[in-house]
Amino acid sequence: MAFVLDESASYTWPVKAKIPTNNGKHSVQTFNVEFKRITQSRVLEMFAQINKGTITDMEICFEVILGWDSVTDGDGNPLDFNQGNLKKLLDVPTIALAIGETFFNSINGGREKN
């Protein structure tokens, strides 16, 4: 079987995030994120920045998120993807970390990053 060099600019991947609720419990929220397909060189740069502490989870998310689906408001209405709504989403504790971990797991075959 031949290797297919996929030149699409993005891909969609499910994200699962644990959100604190009442009584010391979490609920698992699932939604799909459209990620920008970045180069291996940029991946290595990001890991170096993570290790140095010069890039945050939120900054990574702003760089690699191109869209989403299954993100709604409190009434269940779908939220359009835009920079304002992205900022609101990333301001929710645990979300930026969950998205960042999902992004890196998606590009390394599901293995945990070192």
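In this predicted model, Pro20 stands opposite His26 of strand S2. The hairpin of S1 and S2 has five residues between its strands, and among these residues' local features is a positive phi near 60° at Asn23.

**The sheet**

Three strands make up an open sheet, ordered S1-S2-S3, with antiparallel pairing. S1 (10-20) and S3 (65-69) are the edge strands; each has a single partner strand, so one side of each has no neighbour in the sheet. Averaged over the sheet and with direction ignored, neighbouring strands are turned by 35° against each other.

The two pairings are listed below.

| Strand pair | Sense | Bridges |
|---|---|---|
| S1 and S2 | antiparallel | 11 bridges |
| S2 and S3 | antiparallel | four bridges |

Strand S2 covers residues 26-36. On the side of S3, Phe35 has Ile65 as its bridge partner.

**Helix H4 and the sheet**

Helix H4 lies across S1, S2 and S3, and its direction is at about 140° to S1. Thr102 is part of helix H4. Is Thr102 buried or exposed? Its relative accessibility is 12%, and because buried means under 20%, Thr102 counts as buried. Leaving aside residues up to four places away in sequence, Thr102 touches Trp13, Pro14, Val15 and Phe35. Of these, Phe35 is the residue whose bridge partner in S3 is Ile65.

**Helix H1 against helix H4**

Two packed helices are described by the angle between their axes and the distance between the axes. Helix H1 (residues 40-52) packs with helix H4 (residues 95-107) at an angle of about 140°, and the axes are 12 Å apart. Why is H1 called oblique to H4? Angles over 145 degrees would count as roughly antiparallel, and those from 65 to 115 as roughly perpendicular; the angle of about 140° therefore makes H1 oblique to H4.

The crossing of H1 past H4 is left-handed. On H1, the contact is made by Val43, Met46, Phe47 and Ile50, while H4 contributes Phe103, Phe104 and Ile107.

Methods
Residues numbered from 1 in each chain as written. Predicted model: local features only at pLDDT ≥ 70, side-chain atom pairs only at ≥ 80, totals over all residues. Heavy atoms only, no water. Axes fitted to C-alpha atoms, helices over the stretch in contact; angles between N-to-C directions. Helix = DSSP H or I, 4+ residues; strand = E, 2+ residues; numbered from the N terminus. Parallel < 35°, antiparallel > 145°, perpendicular 65-115°, else oblique. Left-handed = near helix turned anticlockwise from the far one by under 90°. Contact = heavy atoms within 4.5 Å. Pairing = 2+ DSSP bridges. Buried < 20%, exposed > 50% of the residue type's maximum accessible area, 1.4 Å probe, protein only.
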